[in-house]
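Keep the viewer open as you read.

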Amino acid sequence: MILALIGGTMGQGVVWYTGQFYALFSCNRSSRSTAYTANLLIAWSLLFGTGFFIVFGALSDKIGRKPIDLAG
């Protein structure tokens, strides 16, 4: 059972980290900003986005997941 849970979440982790590193790479290449600025932008984006996970998670507990998914 533990192996199935770990295997099930591995794909999600790969997709999440790939998205973050692609955004970081793209920020460095397209805007020609410094590595520090790109890292700072990604860090603030992740912190800002974490708040939305909490807000929309609580909202989906109240009104259901389907309306949240359809609105997104």
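Contact here means heavy atoms within 4.5 Å, while helices (H or I, at least four residues) and strands (E, at least two) are DSSP runs, numbered from the N terminus. What you're looking at is a predicted model, where local features need pLDDT of at least 70, side-chain atom pairs count only at pLDDT 80 or more, and totals for chains, interfaces and linings use all residues. Residues are numbered from 1 along each chain as its sequence is written, and side-chain values use heavy atoms, with hydrogens and water left out.

Start with the place where the two helices touch. From α1, Trp16, Gln20, Ala23, Leu24, Cys27 and Asn28 meet Ala35, Ala38, Asn39, Leu41, Ile42 and Leu46 of α2. Sorted by class, that contact has nine nonpolar residues, three polar ones and no charged ones; Ala, Val, Leu, Ile, Met, Phe, Trp, Tyr, Cys and Pro count as nonpolar, Asp, Glu, Lys and Arg as charged, and the others, Gly among them, as polar.

Now the geometry. The axes of α1 and α2 come within 9 Å and cross at roughly 140°. Those axes are lines fitted to C-alpha atoms, for helices over the stretch in contact, with angles from 0 to 180 degrees between N-to-C directions. The pair is therefore oblique, given that under 35 degrees is roughly parallel, over 145 roughly antiparallel, 65 to 115 roughly perpendicular and the rest oblique.

Zoom in on Ala38, which sits in helix α2 (residues 35-63). Is Ala38 buried or exposed? Ala38 is buried, because its relative accessibility is 0%; the cut-offs are under 20% relative accessible area for buried, over 50% for exposed and partly exposed in between (1.4 Å probe, protein chains only). Leaving aside neighbours within four places in sequence, Ala38 is in contact with Leu24, Cys27, Asn28 and Ser33.

Finally, the rings. The structure holds four aromatic pairs, where rings of Phe, Tyr and Trp (its six-membered ring) pair if their centres lie within 6.5 Å, with planes under 30 degrees apart stacked, over 60 edge-to-face and the rest tilted. One of them is Trp16 with Tyr17, edge-to-face at 4.9 Å centre to centre and 90° between the planes. Tyr17 also pairs with Phe21, this time stacked, at 6.4 Å and 25°. Tyr17 and Phe21 are four residues apart in helix α1 (residues 2-31), so about one helical turn separates them. Trp16, Tyr17 and Phe21 form one aromatic cluster. Within it, Phe21 is exposed at 55%, whereas Trp16 is partly exposed at 39%.
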